[in-house]
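Subject: Handing over the structure

Hi,

Here is the structure I promised to pass on to you.

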Amino acid sequence: MTSFIRKYFHLLMIFILSLLVFLINLFEFYTNLYIPLLYYMKEFFTLSALGFSYYFWNKIETYKKLQVQYVLKSFLFSLLIFVSLLLFRALFFSMASYSPFFPYVSENIYALIFSAIQGILLIIVLPILLIYLRYLFTYRRKFSTPFYFNIFIAASILSSILLASNPEEAPDLFSVNGDLRDLMFKGTILFTFFLSFRHKWIPYLTKRQKYIFSFMSLFIIPLLIILFDRLRIPVTDFSLSLLYFFNHIWYFVIFYGFNIMISLWLQLPTASEFEQKLKALSSLHSASREISFYDSTRVLFQKITRTAEALGQAEDIWLQLFRPIGVSPSELIISKMDHQILKDFLQYSFHPKIHEYVRKEKKSILVEDVKTHPQYYPYYFWRNHIRSLIACPLFNRNHNLLGIIYFIHSEPYHFDYSDLELYESFSAQVSLSLENSMLLRELVEKERYQQEMKIAREVQLSLLPSDIPSFAPFSLSFQILTASEVGGDFYDIVTYRDGSRGIVLGDVSGKGTEAAFYMAEFKGIVQAISQLCRSPRELAVLTNRILYKNVERKVFITAIFLQLMPGQRQIRMVRAGHSLPIKIRFRHHSWTEISSRGIGLGLNAGPLFDQHLEEVEFWLGEDEMLFLYTDGLSELKKSNGELFAFNDMIQNLSNEQHINRSADQFNEMVLDSVHAFLGDESVNDDISYIIIR
Amino acid sequence: MEGIMQQFDIITRTSGEIIVFDLIGTLDAHTLELLEKKFREYVNQDYKYFIMNLSQLEYVTSAGLGVFMEYIEDIRAKGGDIIFCCARDRIYKIFDLLGFPVIFSFYPAEEKAIESITGNK
């Protein structure tokens, strides 16, 4: 019970207070007594009831719910309530009668009762009308706007109180009386008149709404006046303060109504234009949200055409992409034409071309009538649906041309300069998203590439032998410098059938994961069969046979296979297409290349390879050194094109003074000269070498 | 990418079933795409004999050589061949090291290369 009371407290108060007012009126009616105290109490109750009503509605109709459509509809609905009230009176209270002069007291009990009914209704409805008026008035408000409306409310209430305090006289609208009450009343009405000019919500109605409301206003205004006339008498009987309050609200409504009507009628001719512009702006707004980034240019373009079409007006839209950026148009994506026409356009040689202008001037162009344009008329004769055209450039953040969007229509003068502005800002959005999509793709590519390289390098390093066994009486030193892109170099240690050790130094053609893959394959083959082979030649021949069948045609491997004969310092070697090994004789401060015939592995299935493979055997003295390397070292280049002085380095190494240096020491020396040459730069092909002493 | 982009270009000259590629510049892993493209294009057009004029070839790496290996089987299957000519010493040395002269024919002059084709007919 208490929660019910709490919830509907205001409503209850309204009824209770109205009932009290009715009872007082009843008392006055039957006793014919006028007691000032009772009178003032009555007016106080009325005003309080109005107050409760206002608070009640304020709670219900929160600002968030209000919208122009809703407010107007509710307003009409309340007018309907009053019309129903009139009908109600005509049907059930036709016998109610009031005195013909102010203050229109009721002459019979029916009138009294009807006054009360109408009074309660007005107490309930007037505040909500006030709230609606406030909403419409403060639409798109400035800082001080609500302030003016509050003055209106305050003035109305004050005026009502002042006037009600003199129950004998009614104010005369058409004469000026120095009396304060009179001034207050008329002053408020004048103020209301000025306020009624503020209807900033009207332009934002749709065209259809403007038309409908214009015609409706022709009926509503007279209705308002009629209602005013019919309602004022019973309300005067009920309560004077309510009457005056009702007056002020109703004047506002009528002034406002007239203003709205005139404004609507004046806006009808431009309604469609305005609506179009509004739509275009809102499309642009949603475009900037929708066009974020997309994976493929094609999807992006679909979104672009959809939004551009929503912008209205363009019948056809083309997107022309420039690759390389800023240089030449490479791709044309046309929305409504097919591929054949696309090809046709690219081959059709009309000059000058619009994209040349856009590219050079770096700005958009509006061609109002292509057909009569002195330079671009060929476009019309190529396809006669190109009658008016806007072309907007798409720039990346460095102000280079990414592409051009064309907006095309088959009517001349279909686009104007305000359209150009709109399309330009749309194109700015597109530029941004196009660039983002391109950058994202590049980033993804780069990451993928780097990931691939990482894997390749891991594979490559894992294929290298982890332990270096003894090669006595020889001493060996190995070195590999991998390029970031993985150049295909690798070396391995094998054991031949007779237990002798050997090494393989190889270079796989190709780069990246591909090279790493074939490296692994090569190593697998070599390791598997080396223990069946008696000599490097046998190893090479068999390896080639197997390899040829198992690799792509364009892949080949150059390699040197060595066998280090145990006991003696004898070496057997085959060179399968690889760089010539170098033998240094320190005592003579000289070096020679050891040449032997042999083609690369994987080039030929067998016969030619075997036929041309020459095995050599030589002795390596303790005062000599064998230097094996890959072309990464001999062809080493800096980014400016400068070539590494390979021969000079070899010459340096062969200095007699180095005769007692160990293999590892020579390793360091070579490494030092490589680093000295490169400086900060990194290698772009693998460098490997093996030193044998 | 490390290193400078070397320039590479190909000029093609045709006469009957013979097509000559003038290889200009540096043929390496970065530039071989163009050579692949040309081979693809002209092999599909039924040219039989591909003469590689190397007089303007500055440099070649093993990656570049792979392109020839890729297409030689198809070309020979159609009864044609890839023939090299006019290689500078340095360039010939690179081919020789790998063993290309074993698999392909090299001629000092273009006329000789053409003769070897027409002579065999």
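Predicted model: local features only at pLDDT ≥ 70, side-chain atom pairs only at ≥ 80, totals over all residues.

Let me start with a cavity: β1 (316-322) and α14 of chain A each give at least two residues to the lining of the second largest cavity. Helices (H or I, at least four residues) and strands (E, at least two) are DSSP runs, numbered from the N terminus. A cavity here is a set of points, on a 1 Å grid over the protein atoms alone, where a 1.4 Å probe fits but cannot get out, and lining residues have an atom within 4 Å of a point.

Residues are numbered from 1 along each chain as its sequence is written, chains are lettered from A and ligands numbered from 1 in the order in which they are written, and side-chain values use heavy atoms, with hydrogens and water left out.

Back to that second largest cavity, which holds about 40 Å³ of space; a volume is the space filled by probe spheres set on the points, which are joined across faces, edges and corners. Its lining consists of Leu321(A), Phe322(A), Arg323(A), Leu402(A), Leu434(A) and Met438(A). By class that gives five nonpolar, no polar and one charged residues (Ala, Val, Leu, Ile, Met, Phe, Trp, Tyr, Cys and Pro count as nonpolar, Asp, Glu, Lys and Arg as charged, and the others, Gly among them, as polar).

In total there are two cavities of 30 Å³ or more. Of the 19 residues lining the largest cavity, Leu72(A), Phe75(A), Ile220(A), Gly257(A) and Ile260(A) are the closest to its centre. Two or more lining residues come from each of α4 (68-92), α5 (109-137), α8 (207-238) and α9 (240-290) of chain A. The lining of the largest cavity has 17 nonpolar, two polar and no charged residues.

Ser217(A) sits in helix α8, and it counts as buried because its relative accessibility is 8%; buried means under 20% relative accessible area, exposed over 50%, and partly exposed in between (1.4 Å probe, protein chains only). Not counting residues up to four places away in sequence, Ser217(A) touches Pro222(A), Met261(A) and Trp265(A), where contact means heavy atoms within 4.5 Å. Ser217(A) and Trp265(A) are 48 residues apart along the chain, and their C-alpha atoms are separated by 9.7 Å.

His199(A) is in the loop between α7 (180-195) and α8 of chain A. At 14% relative accessibility, His199(A) is buried as well. Leaving aside neighbours within four places in sequence, His199(A) contacts Tyr256(A), Asn259(A), Ile260(A) and Ser263(A).

Finally, chain B. How many helices and strands does chain B have? There are five helices and six strands, and from the N terminus on they run β-β-α-β-β-α-β-α-α-β-α. Buried residues make up 51% of the 121 residues in chain B. Among its contacts between residues at least 6 apart in sequence, 69% join residues at least 24 apart.

Enjoy exploring!

Methods:
1 Å grid on protein atoms, 1.4 Å probe; cavity = no way out; pocket = protein on both sides within 12 Å on 5 of 7 lines; lining within 4 Å.
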